[in-house]
Amino acid sequence: MKPLILLPGMMCDARLFGPQINALSGRMPVMTFPLSHHDSIEAMARDILGNAPPVFALAGLSMGGIVAMEVTRQAPERVSRLALLDTNPLAETPEVKARRTPQMSAVRNGQLRTVMRDEMKPGYLADGPNRGAVLDLCMAMATDLGPDVFIRQSKALMNRPDQSKTLTAYTGRVLVLCGREDRLCPVERHRLMHDLLPRSALEIIGDAGHLPTLEQPEKTTAALSRWLEDT
């Protein structure tokens, strides 16, 4: 099998994919790339392409999915197959852009934990027995990455391109997956991606919100395994 690259969401790191790395790393090389060093989606994608194997399978969640689409736009011949999890192919709306500026200002003033706790984390997850543990992990990832990364990633998301044409043009196997209760990137957005892509499968994970890799790890890993094995 080709190597698998996993791209995490905003203010997340490889821990977002911990269950999948544990399950899949015995079958193929699995690697993650941090999305922490640039303030544009295009530069993040160029950095990945400069350090990735010649050909690879690519999966991204949320912001990671946005970067994965840009990687595919820049070098579709290098992406053997693509998985888009709880993400959004469209440019940012003016309403969301307007919310980011005060968030960045608060984070510059030392309020990263407050912004994550009050404005971002409440929209992440479905109700469930492991919700508290997953939220704690999200806070740990965010505070480990720190305020400078928050600001760079916010700027990148504010100015991201629409990737609808990228999806229409890509002919590899694609998994489009989301949690049924994802309020940040709802099911309808994933149906849109599924309709744009020539060769895609749509998987909706029950009892999960924006982070099914952690909320429903076994179901998510099973879907990824099917995608990796599909010919």
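What is the volume of the largest pocket? About 660 Å³. The views below come from a predicted model, in which local features need pLDDT of at least 70 and side-chain atom pairs count only at pLDDT 80 or more, while totals for chains, interfaces and linings use all residues. Residues are numbered from 1 along each chain as its sequence is written, and side-chain values use heavy atoms, with hydrogens and water left out.

View 1. A pocket is an open set of points on a 1 Å grid over the protein atoms alone, where a 1.4 Å probe fits, with protein on both sides within 12 Å along at least five of seven lines; lining residues have an atom within 4 Å of a point. The volume is the space filled by probe spheres set on the points, which are joined across faces, edges and corners. Of the 28 lining residues, Glu92, Val96, Arg99, Arg100 and Leu184 are the closest to the centre. Helices H3 (63-74), H4 (94-108) and H5 (112-120) each give two or more residues to the lining; helices are DSSP runs (H or I, at least four residues) numbered from the N terminus. The largest share, 4 residues, comes from H4. The lining divides into 15 nonpolar, 7 polar and 6 charged residues. Here Ala, Val, Leu, Ile, Met, Phe, Trp, Tyr, Cys and Pro count as nonpolar, Asp, Glu, Lys and Arg as charged, and the others, Gly among them, as polar.

**View 2. Packing of helix H2 (residues 41-51) on H3.** The two axes come within 9 Å and cross at roughly 70 degrees; axes are lines fitted to C-alpha atoms over the stretch in contact, and angles run from 0 to 180 degrees between N-to-C directions. H2 is therefore roughly perpendicular to H3 (65 to 115 degrees). The contact (heavy atoms within 4.5 Å) includes Ile41, Met44 and Ile48 of H2 and Ile66, Val67 and Glu70 of H3. Its residues divide into 9 nonpolar, 1 polar and 3 charged.

**View 3. Packing of H4 and helix H7 (residues 147-158).** The axes are 10 Å apart, at an angle of about 165 degrees. H4 and H7 are therefore roughly antiparallel to each other (over 145 degrees). Among the contact residues are Arg100, Met104 and Val107 of H4 and Phe150, Ile151 and Ser154 of H7. This contact divides into 7 nonpolar, 3 polar and 4 charged residues.

View 4. Leaving aside neighbours within four places in sequence, Glu119 is in contact with Gln103 and Thr114. Glu119 and Asn88 lie 31 residues apart in sequence and 19 Å apart in space, C-alpha to C-alpha.

Key:
Parallel < 35°, antiparallel > 145°, perpendicular 65-115°, else oblique.
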